[in-house]
Every structure is written in C-alpha cells, then in structure tokens.
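I opened this entry to record what I looked up, beginning with the domains and then turning to the sheet.

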Amino acid sequence: MSLADTQPEAAKQADVAVPELLGPWSLMWRKFRRHRVAYVSLWLVGFIYALALFGDFFAPERLDDTNRRGIFAPPQGIHFFVENEDGSSEFQLHAKARKVQVNQSTMRRSYVDVPGKIIPLGFFVEGYDYKLLWLIPSNTHFFGPKDPDDVVYFLGADRLGRDILSRIIIGTKISMSIGLVGVAISLVIGVSLGGLSGYYGGWVDNVIQRLIEFLRSIPTIPLWMGLAAAIPLGWPPLRTYFVVTIIVSMIGWTSLAREVRGKFLSLRSEDFIVAARLDGLSDWEVIRKHMIPSFSSHIIASLTLAVPMMILAETSLSFLGIGLQPPIVSWGTLLKEAQNIRTIIEAPWLLLAPGTMIVVAVLALNFLGDGLRDAADPHAH
Amino acid sequence: MLGFLYRRILYMIPTVFLVSVVTFLIIQLPPGDYLDTLAAELSDQGGLDEATAQALRDQYGLGKPFYVQYYKWITGIIFDWNFGISFEKNVPVNDLIWDRLGWTFGISVLTLLFIWIVALPIGIYSAVRKYSFGDYAATLFGFIGLAVPNFLLALVMMYVAFKYFGQSVGGLVSPQYIGEPWTWDKFVDLLKHIWMPIVVVGTSGAAALIRIMRANLLDELYRPYVVTARAKGMSEFQLLMRYPVRVALNPFVSTIGWILPTLVSGEIIVAVVMNLPTTGPLLLRALLVQDMYLAGSLILIVSLLTVLGTLISDLLLAWIDPRIRYQ
C-alpha cells in the first residue's frame with residue numbers, strides 16, 4: 001500500500017479537491033524554507049562550495065605569483081565612476097593605480113595613488129590559464145583588471161606580494177572539503193558503531209559507550225597536536241591532507257554515534273519495528289528499510305552541524321603549524337602568516353580577511369544545520 | 001552514594017590506563033626519536049658520535065620495543081613520581097611542568113566561573129523574555145561565539161588592545177615583573193592581563209551554555225507547578241529563582257564534564273597565541289622537537305586532570321539531583 005492510497009474514500013467518490021499529500025522530505029523542505037536565516041545560509045553555503053569548485057575562475061591572480069612591488073600592499077577599493085576631460089562622469093569599474101614609496105629612514109613602505117591613473121576592472125576578463133573543474137582549459141576569470149598585466153589587491157597582499165583574495169578563494173577548496181571528507185568518515189564510523197551499540201545493546205553497547213566516553217574525556221587539542229605532530233614534514237601534500245582529515249574526524253564521530261544509538265534505542269521498541277521483525281525481516285533489512293529512513297533527516301542535520309567543527313579544527317591545527325603545511329593553501333595556513341602581533345599591526349588584512357571568511361562559512365553552516373534540525377524534528381513548533 | 005562513588009572511581013581505572021597507553025603511543029608515533037633530531041641538529045658541527053648516541057640510547061631505553069619503554073615510563077611515574085627527563089632542556093620533567101599546569105588549570109577554572117557568571121543571567125533572561133530584543137542579541141552572540149575560533153579571537157583582541165588601548169600584549173604579567181617575587185603591584189598587573197585569555201577561552205563555552213540554559217528553562221517555565229505557584233500569588237522573581245531555575249540548573253552542572261576538556265583545549269591553543277607561561281607553548285615546542293617524555297607527561301596529566309574534573313562534576317550532579325539513581 002502506498003501513501004497515495006490513503007486518500008479518503010469520500011473524496012475519491014465525490015471527486016472533491018483533496019489537499020496534495022506530501023512525503024516526509026517535501027514536508028521537511030517546506031518547513032525548512034520558512035526558517036529564513038537557514039534558507040539564506042543554504043544559498044551562502046552553496047556559493048562557498050561553488051567558490052571551492054570553480055576556484056581558479058573566481059581568483060583574479062595566480063595562487064603563488066609573487067610581486068616585489070606588492071609586498072604588504074593594503075587592500076584596494078573598487079570605484080565606479082571616472083571623470084572625463086570635459087567634466088562629465090562615466091560609469092567604469094576601476095581601481096586606482098598605486099606606486100610604492102619607501103621611507104629611507106624608517107625603511108617602511110607605503111603605497112600612494114598615482115593621480116589620474118586608473119586600472120579598469122571588468123567581469124569575465126582574461127587572466128592566467130587554468131583548467132576549469134580540472135578538465136576544461138580556460139583563461140577567463142570572473143572579475144579582475146581588464147589588462148592581464150595589471151595587478152589589483154582587493155584584499156591586500158602578503159609578505160611576498162601574493163594576492164590574499166585569490167589565496168582565500170583557492171584555500172576554500174581545501175578548507176571546505178576537509179569538512180566534507182571528515183564528516184563522511186565520521187558518518188561511516190558513527191553510524192556503524194552507534195548502530196551496533198543501539199541495536200544489540202548488552203556488552204557491545206557497554207564497550208562502545210566506554211570507548212566514546214574515553215575519547216570525549218580527553219581534551220581534544222593536546223590529542224590532535226600529538227597526532228598531527230607525528231606527521232612527517234616530508235610527506236606529499238595529499239597524504240598529509242588525508243591524515244589531518246582523519247585526525248579531525250576522530251572526535252566528530254562520537255557525538256554522531258551517540259545520537260544514532262539513542263535513535264536506535266528508542267526505535268527498537270516502536271510498534272512498526274516490532275511488526276517488521278515479526279514479519280520475518282532480517283536485522284539488516286529492518287535497519288535499512290525501517291530504521292534508517294526514520295532518522296536519516298536527523299542525521300543529515302547533525303552532519304551539517306559537524307562540518308563547521310571540522311573546519312575550525314583544521315584551521316586551528318594548521319595555524320599552530322602542525323596540520324597542513326604551507327605549500328598547501330587553506331584558511332588555516334593563510335592565518336599562519338598572521339601569527340605574530342607585529343605582522344598583524346603592519347598588515348591587519350592578513351588576519352581579518354581569512355578570519356572573516358572562516359567565521360562566515362562556519363556561521364552559515366551552523367545556521368543551515370540548525371534550520372535542518374528544526375525542520376527534521378516533527379515535534380518542533 | 002558511597003557505592004556510587006566507589007563504582008565511578010573503579011570505572012576510572014581503565015580510562016586512566018587507556019589514557020596513558022594512548023598518550024605514549026602518540027608520542028611514539030613519529031618515526032625516529034629525539035636522538036635523530038639531535039643528530040640532525042648537530043650534523044653541521046660534525047654530528048653526534050656513535051658512542052655518545054649509544055650511551056644516550058641505553059640510558060633512556062630508546063630503540064627498545066614499545067611495551068618496554070612504556071613499562072619503564074609508567075612504573076617510574078607510579079612508584080617514584082618520576083616523569084622522565086626533558087631531552088631538549090636536559091632537566092627532569094618534574095621541574096618544568098607543575099607551574100605551567102597550575103596556570104593552565106587555574107585559568108581553566110577561572111574561565112569556568114566566568115562562563116557561569118555570564119551564561120546564567122543571560123540564559124535566564126533570554127528564556128523569560130523569549131523573542132525580545134535581548135533574546136535575539138543573546139542568540140546572535142551565541143552563534144558568533146561558536147563560530148569564531150579561539151585563536152582568531154585571541155589575535156583580534158590582542159590587535160585591538162595594542163592598537164586602541166596601547167596595552168602590552170602577550171604573557172600573564174608585564175615584562176618587568178617576570179621572575180620578580182609576588183607583590184601587590186604584580187598581582188594587579190596579573191589581573192590586567194589575565195582577563196583576556198579568560199574572555200577569549202570562555203566565549204564559546206558561554207555561548208553554548210546560554211543556549212542550553214535557555215532551552216532548559218523554556219522546558220520548565222510552562223509546567224503546571226509554575227502556574228500553581230503563580231496562582232498562589234508568589235512574586236514572579238521569587239517563583240522563577242526558587243523552582244524552574246533550580247531544576248534547569250542540573251544540566252548546567254552536568255555540562256562541566258564536557259566543558260572542561262574544551263576549556264583546557266582552548267586554553268592550550270590560546271596560550272600559544274598569547275605566549276602565556278602555561279602548558280600550551282611548552283607542549284607545542286616539545287611535540288615539534290620530539291621531546292617525548294615532556295610532551296607525553298603534559299598530555300597525560302592534562303587528560304587525567306580532565307577525567308578527574310568530569311568525575312567531580314558527575315558526583316556533584318548525583319549529589320544535587322535526587323532523581324539520579326546510583327547505578
């Protein structure tokens with residue numbers, strides 16, 4: 001018997017308009033859309049992952065192009081109108097051209113505008129060559145100076161004159177994917193151990209619960225630091241990346257396992273589960289056909305809430321210098337540049353730009369997770 | 001109650017054992033040992049000669065199988081209170097760690113107090129005045145507090161303090177007081193510095209606790225017993241404090257268990273950023289140069305004290321909440 005068969009008999013005969021019957025997922029979606037902050041966050045998160053996927057398309061400059069004339073260059077503003085010679089103004093996106101001045105006595109550099117000279121900016125401009133989605137060769141960039149030889153630092157530059165905006169955009173790929181891969185690992189461990197624990201109970205449950213309690217009682221940072229410090233510096237970046245991800249997901253799975261266990265325990269005695277078992281379904285079938293669908297929405301919400309935790313963990317480790325190492329660009333390794341107070345005072349954008357990006361991403365994911373959780377909870381008002 | 005206490009302490013023994021094994025495993029993980037690091041550092045000056053290396057190796061049992069080294073280490077701690085020696089500084093670990101551990105836990109406990117002082121009234125307020133401006137402000141603070149990583153907050157605060165208040169940043173006391181005996185002035189100077197790590201470490205915990213307190217209290221506020229008390233003419237404030245807040249407070253105590261590990265974690269990372277004389281910088285350095293006994297002892301003791309803190313919170317909870325059955 002499918003859901004559609006539950007149409008009232010009277011309605012069938014009298015041919016009256018019956019309200020459309022919605023499945024649990026569309027009900028959830030409907031509820032979710034009403035949560036406005038979460039809905040906006042969904043778009044924001046989508047945008048950030050788009051940045052991660054099409055990084056090179058959005059980045060105006062090449063990742064490690066150094067520039068001796070752009071060392072610690074402060075952020076440049078975008079201006080909208082240029083004045084023509086006859087005094088009328090015309091719409092033209094541009095940035096002011098700058099030159100470096102080095103104060104000989106203090107050896108400090110400062111950047112001053114060159115009067116009358118502008119760098120025209122535009123959308124879909126030509127720039128460095130890259131492969132879109134690792135496949136399609138292209139040199140079109142979303143936004144940047146029209147002349148590929150010009151450099152504009154929208155968010156400033158670091159100590160080697162590298163463009164911070166481009167580095168943040170490229171770093172998105174690593175930082176955001178660590179969250180996803182870490183969550184995938186947590187999901188597998190958490191659901192299988194939590195499921196075992198909740199479904200079988202008894203000594204299995206006891207052992208797994210003690211293990212979880214143990215992992216949760218250890219302060220995470222020293223544990224992570226110890227594990228991360230064990231990664232040899234000479235390892236290839238990809239391997240370091242995966243090991244860091246595994247370390248970060250070590251803790252994440254415990255809360256998930258607890259939730260799955262709780263759900264299993266409460267579902268085990270529900271009538272429909274007992275009925276399914278009496279109908280002769282095997283354990284695996286009961287779990288797959290009846291239990292997992294009834295708490296999967298809840299699990300998705302918990303997973304969304306776990307992603308930002310992992311992003312923060314990666315950032316902290318890389319910042320300390322024991323997670324990902326510099327040739328890899330992530331938000332954490334970018335923040336590592338802003339480690340001492342003197343650099344921050346000289347170039348606050350090194351701290352503020354990647355920092356804002358992290359906070360925005362984490363906030364958006366948190367709101368999204370909260371919205372999903374509320375939508376998945378049938379008892380919430 | 002006594003039986004419960006015994007059982008909980010008995011439960012702790014395997015945990016403690018596991019903690020020590022895991023700690024030792026972790027510090028053993030990196031390939032090579034401190035002698036390799038030392039040899040690499042000395043290679044510019046002609047290298048470490050074989051005889052010296054062998055002598056050092058024998059002395060510390062390096063190169064022996066894992067369980068031999070572990071046994072040596074753990075029996076040393078249990079029977080002689082000897083945590084081994086720090087290879088890098090060449091002094092017993094005992095001389096290095098206790099001061100710093102004291103600061104770490106001192107700051108963590110102060111942070112816990114800070115969190116309570118902040119989260120309790122704000123949590124109550126935002127539950128009682130649900131959907132008011134203050135409630136939204138608290139919610140917003142909560143989300144941001146959870147989204148900003150500790151070290152980032154520390155850096156931003158240091159930047160603000162330096163740029164706009166001209167305060168010397170980093171450390172727990174101003175440079176001129178370091179190594180001086182304790183005086184009133186030094187104490188005042190300490191207070192001027194210590195608030196910053198406390199606020200930084202406490203923000204995310206306070207944010208989480210405000211949300212918990214709000215949710216707990218909202219569960220209680222509309223119960224029939226509250227209505228009864230109100231019908232009897234009790235003043236609103238008295239009513240609130242005497243019944244629902246008291247009930248909502250129980251989960252508050254139980255959260256010490258999970259909040260303490262995060263506080264200690266947070267303190268360690270913030271200490272690295274702010275250059276505090278606590279466990280953080282010492283542990284980081286020890287891990288980077290593979291000073292394994294120092295790193296191991298620090299991780300071990302920090303974890304043990306956290307486990308102990310969790311135990312105390314459980315006992316406290318059992319004591320204040322009669323509904324918890326001792327099993």
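**Domains of chain A**

I first looked up the domain assignment of chain A, which gives domain 1 (43–53 + 167–376) and domain 2 (55–162), with bounds that come from an automatic or database domain assignment. I noted that this is a predicted model, in which local features need pLDDT of at least 70, side-chain atom pairs count only at pLDDT 80 or more, and totals for chains, interfaces and linings use all residues. Residues are numbered from 1 along each chain as its sequence is written, while chains are lettered from A and ligands numbered from 1 in the order in which they are written.

Taken over C-alpha atoms, the centres of domain 1 and domain 2 of chain A are 37 Å apart. I found 16 residues of domain 1 and 12 residues of domain 2 of chain A in the contact, where two residues count if their C-beta atoms, placed from the backbone, lie within 7 Å. On the domain 1 side, α3 (36–53), α5 (164–200) and α13 (349–376) of chain A each supply at least two residues, and α5(A) gives the most, with six residues. Helices here are DSSP runs of H or I of at least four residues, and strands are runs of E of at least two, numbered from the N terminus.

**The sheet**

I then traced an open sheet of four strands in chain A, with the order β1-β2-β3-β4 and antiparallel pairing; two strands pair if DSSP finds at least two bridges between them. Because β1 (79–83) and β4 (136–145) of chain A each have a single partner strand, one side of each is left without a neighbour in the sheet. Strands β2 (residues 89–103) and β3 (residues 108–132) of chain A pair over nine bridges in the antiparallel sense, and I noted Tyr111(A) in β3(A) as the bridge partner of Val100(A).
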